[in-house]
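Here's a quick walk through a few packing details. Have the sequence and the model open as you read.

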Amino acid sequence: MSLRIGIFGGAGRMGKMLVREVLDDEETTLAGACLKEGEEVGRTLAEIVERPANDELKAALLTISPEKMMNALDVAIDFTRPEVSVHNAYVAAATGKPIVIGTTGFSQDQLNMLSEAGNHIPIVLAPNMSVGVNMLQALTQMVAQALEPKWDIEVLEMHHRHKIDAPSGTALALGEAAAEGRKVQMKAKGVYDRKGAQGPRKRGDIGFAVLRGGDVVGEHTVMFAGDGERIELSHRATDRRVFAQGALVAAKWIAHQQPGRYGMKDVLGF
Ligand code: NAD
């Protein structure tokens, strides 16, 4: 039987793309889309995602009620905002439905709440669903583990002008991968702001730099700067579809998992 997928944040940049991916995938059926109250009022889902109104789109639910959406689906995919995703994860837990969350910018408290929901249902939480970025994360951990701490680690990222959180969830995950490789805590080593006379760089710091502008989909570089040489590991996303496709792979995978909080590493088997 076809897997019924519902999209939370269905009118957003990622949400619309996900609706189209689900429609185009032969193994999935679009259960519907959940929008924010007051968004796209009076428009059909077909109009919102700019597709002809076929039977699947006509049958799909369009709602502002997370509960109604959750009851109509087998797996939820959520690309919204942190507080909304946490709420949706609790609704998913109450209805026993697995959820894939692509939203970024969670506080530690919110992450703890998602882990709590993960005691009841399977949750995939991944700040970046692309295969390439997850490989970059694995490589970063490997290189950080192999190199001595005298190699300075800096994470540089650039995104489009609309992005609201910084550094990106992916940049933070890359910093975490480097910290894990070095067996240190990001809490102690992460440096996020540099302005004015800060003094020299501290050995072992993991620094972050953020650029915003234009329509850049997402670029990340992890630098290992040594004396007289530098290694740069880079990833450039040129099409948002890679995130939507990764989310769909995660949705198919999570449909068969036990409760728990998972990442793309688990989904991709890295
Ligand atoms: P967006 O602003 O275009 O879309 C977010 C949507 O969520 C909006 O349509 C908004 O109205 C909707 N929303 C807000 N409150 C809601 C509610 N209560 N119920 C339903 N919908 C609600 O943003 P975007 O570019 O689509 O990104 C969304 C999130 O996904 C961001 O956190 C972004 O950083 C993240 N993102 C993750 C990946 C990944 O691979 N994990 C890739 C791209 C973006």
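Predicted model: local features only at pLDDT ≥ 70, side-chain atom pairs only at ≥ 80, totals over all residues.

Let's start with Tyr262, which is buried at 19% relative accessibility (buried means under 20% relative accessible area, exposed over 50%, and partly exposed in between, with a 1.4 Å probe and protein chains only). Residues are numbered from 1 along each chain as its sequence is written, and side-chain values use heavy atoms, with hydrogens and water left out.

How many aromatic pairs does the structure hold? There are two; a pair here means rings of Phe, Tyr or Trp (its six-membered ring) with centres within 6.5 Å, called stacked if the planes are under 30 degrees apart, edge-to-face if over 60 and tilted for the rest.

## The stacked pair

Tyr192 and Phe208 have ring centres 5.0 Å apart and planes at 15°, so they're stacked. Tyr192 sits in the loop between strand E8 (190–191) and strand E9 (206–212), and Phe208 is in E9, so the pair ties together parts that are 16 residues apart in sequence.

## H1 against H10

Two packed helices are described by the angle between their axes and the distance between the axes. Helix H1 (residues 13–24) packs on helix H10 (residues 241–254) at about 55°, with the axes 9 Å apart. Axes are lines fitted to C-alpha atoms, for helices over the stretch in contact, and angles run from 0 to 180 degrees between N-to-C directions. H1 and H10 are therefore oblique to each other (under 35 degrees is roughly parallel, over 145 roughly antiparallel, 65 to 115 roughly perpendicular, and the rest oblique).

Which residues make the contact? H1 brings Met14, Met17, Leu18, Glu21 and Val22, and H10 brings Arg241, Phe243, Ala244, Gln245, Ala247 and Leu248; contact means heavy atoms within 4.5 Å. By class, that's eight nonpolar, one polar and two charged residues (Ala, Val, Leu, Ile, Met, Phe, Trp, Tyr, Cys and Pro count as nonpolar, Asp, Glu, Lys and Arg as charged, and the others, Gly among them, as polar).

## H5, H6 and Ala89

Helix H5 (residues 82–95) and helix H6 (residues 108–117) have axes that come within 9 Å and cross at roughly 15°. That makes H5 roughly parallel to H6. The H5 side of the contact includes Val86, Ala89 and Tyr90, and the H6 side includes Met113 and Leu114. The contact divides into eight nonpolar, two polar and two charged residues.

Ala89, in helix H5, is buried at 0% relative accessibility. Leaving aside neighbours within four places in sequence, Ala89 is in contact with Ile99, Ile101, Leu114, Ala117, Ile121 and Ile123. Ala89 and Pro66 are 23 residues apart in sequence, with their C-alpha atoms 9.9 Å apart.

## Out on a loop

Is Lys183 buried or exposed? Lys183 is exposed, with a relative accessible area of 65%, and lies in the loop between helix H8 (169–182) and helix H9 (186–189). Lys183 and Ala144 are 39 residues apart in sequence and 9.2 Å apart in space, C-alpha to C-alpha.

Terms used. Helix = DSSP H or I, 4+ residues; strand = E, 2+ residues; numbered from the N terminus.
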